[in-house]
Amino acid sequence: GEVDMMDQYIATPTNKPVLFDVQESGDFAFYTLKESAANVMVFQLNLNHPDPVKNELFNRRDFREALSIAIDRQALIDAVFVGQGAPAQASIIEGDPLYNARLAKQHTEYDPARANEILDPIAPDRDSDGYRLDKNGNRISSIFEIDQARSTFLDMFQLALPMFQEVGIDAQMRTMDRSLWETRVRSGDEFDATAHQFGANSGIAAMLDARYFVPFTNNSLYAPGWKRYYMDPDSPDAVEPPEEIKAQQDLYRTLLKTGDQAEQQKIMAEILENAADQFLVFGVSLPPDGYGVVKHDMVNTLDVLPNSFGWYSTATLWAQLTLAEDDPVRFDPAQWIDIFRRTGANATCLSAGGYIAYYPSRVPFHYVSRYIGDGDPFGALVDGARELGMHVMARVDPHAVHQDVAEAHPEWIARDI
């Protein structure tokens, strides 16, 4: 079939001149995507690897630092992104109040000599091909499992793999269909490493999608066991993190429950400073603005759109709870929170207001359920969902109004005559 509007997958730097040349005959135009992702690609070693030797090695911060400075980021940027971008870790954009220069720029210099200096005490012995050996005498290897649809990833890895190999690490790439990647990587734990992008690079989006700073979601691919611990410490597949990671997870829970904007900024700044200390993942570049193409006969489109893979990209399993007016005296919020937890839901849509409010409200003509008493059922559900790290959407139902509203504001009412 024909596509009227598209950006992801097709809108690569190398495709842009081709699309530009055929835009008139194809009857389409370009639009700009203001980028909001935390990086163009983030290398992620499996810090919960089931192999104890790799687990110990990958959890060494200095090992990750060595791999990071073994990468010539500018070469990747020049070759894959036509020079658009600058070396950076997964981080916040400069100019945002949350910007942390150390998080953004540490270990981005290309210094293979220094990488070898770091690796020599960790793994001094090499085999006949020059690859380093682990403490059991086996070659240190890392297979990066990659979704084959991500063409820019494949291009970057073609350049990055020899850089890792140059410092004695047998890095390889295994590409696969997206469905297999979802099974092996996003839902599994028996993989060496992977790479991904997205996250968020500014403001409230970075707070909601802090995947690279806190292992709390299925998108924290570098720590499959730790993210399960965040969601359910009693899960048989959960791995108890070290104390500094548990403290980071607790801090993130506090952030999600905080409504004051200044306090949110303060807590998130602490999370980012901790993330700089921990250095769990390493990236390539903050992404430049992207583009998309749209047919001329498609209406209600804009020349500039946010390219946001923030909260909605991580809201992958929804639970919706629609309340009737007398539900506040008939249901137990804790029971529903337990259902959210047991089903693994990471997003929920909850009845909040509109025709009936399920929280205390002083807004004129906003009818509050007479069954809530002194309670706040909507607030209780939000707090419980936030404890689970879920995204929360408030459902506002404007389908009808009460008689006092109709009498006070007849201009709000539409009638068929």
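The chain folds into 17 helices and twelve strands. Helices here are DSSP runs of H or I with at least four residues, strands are runs of E with at least two, and both are numbered from the N terminus. The model is predicted, so local features need pLDDT of at least 70 and side-chain atom pairs count only at pLDDT 80 or more, while totals for chains, interfaces and linings use all residues. Residues are numbered from 1 along each chain as its sequence is written, and side-chain values use heavy atoms, with hydrogens and water left out.

Along the principal axes, the C-alpha atoms fill a box of roughly 85 × 60 × 40 Å. The chain has 417 residues, and 49% of them are buried. Buried means under 20% relative accessible area, exposed means over 50%, and partly exposed lies in between (1.4 Å probe, protein chains only). The areas themselves come from the Shrake-Rupley method.

The buried residues of α16 include Pro-377, Phe-378, Leu-381 and Val-382. Arg-386 in α16 is buried too. Just after this helix, Gly-389 takes a positive phi of about 75 degrees.

Now turn to the aromatic rings. A pair of aromatic rings is described by the distance of the centres and the angle of the planes. Rings of Phe, Tyr and Trp (its six-membered ring) pair if their centres lie within 6.5 Å; planes under 30 degrees apart are stacked, over 60 edge-to-face, and the rest tilted. By this rule there are 15 aromatic pairs. One of them joins Phe-144 and Phe-157, a tilted pair at 5.1 Å centre to centre with 50 degrees between the planes. This pair links distant parts of the chain: Phe-144 sits in strand β4 (residues 141–147) and Phe-157 in helix α8 (residues 151–166), 13 residues apart. Both Phe-144 and Phe-157 are buried. Tyr-230 and Tyr-252 form a tilted pair as well, at 6.4 Å centre to centre and 50 degrees between the planes. Tyr-230 belongs to helix α11 (residues 224–231) and Tyr-252 to helix α12 (residues 243–256), so the pair ties together parts that are 22 residues apart in sequence. Tyr-230 is buried at 2% relative accessibility, and Tyr-252 is buried at 0%.

The phenylalanines also build a group. Ring pairs link Phe-43, Phe-144, Phe-157, Phe-164, Phe-279 and Phe-282 into a cluster.

Strand β5 (residues 170–176) holds Thr-175. Thr-175 is partly exposed, at 38% relative accessibility.

Charged side chains come next. Side chains of opposite charge can pair when their charged atoms come close. A salt bridge here is a side-chain nitrogen of Lys or Arg within 4 Å of a carboxyl oxygen of Asp or Glu. The whole structure has 29 salt bridges. Arg-60 bridges to Asp-62, with the closest N and O atoms 2.9 Å apart. Arg-60 is partly exposed at 36% relative accessible area, and Asp-62 is partly exposed at 26%.

Arg-61 pairs with Glu-65, the closest N and O atoms being 4.0 Å apart. Both lie in helix α4 (residues 61–69), four residues apart, about one turn of the helix. Arg-61 is partly exposed at 26%, whereas Glu-65 is buried at 16%.

Arg-178 is partly exposed at 28%, and Glu-182 is partly exposed at 22%. The bridging extends beyond this pair: Asp-147, Arg-150, Arg-178, Glu-182 and Arg-186 are linked in a network of salt bridges.

Finish at the surface. Glu-2, Asp-4, Asp-27 and Asp-297 gather there in a patch of negative charge. Patches are made of residues with over 30% relative accessible area and no salt bridge, with like charges joined within 9 Å. Asp-4 lies in the segment before β1 (5–6). Asp-4 is partly exposed, at 40% relative accessible area.

Conventions: Patches are made of residues with over 30% relative accessible area and no salt bridge: like charges are joined within 9 Å, nonpolar side chains (Val, Leu, Ile, Met, Phe, Trp, Tyr) within 5 Å. Accessible areas come from the Shrake-Rupley method with a 1.4 Å probe; for residues, only the protein chains shown count as cover. Lys and Arg count as positive and Asp and Glu as negative; His and the chain ends are not counted. The place of a charge is taken as NZ of Lys, CZ of Arg, CG of Asp or CD of Glu.
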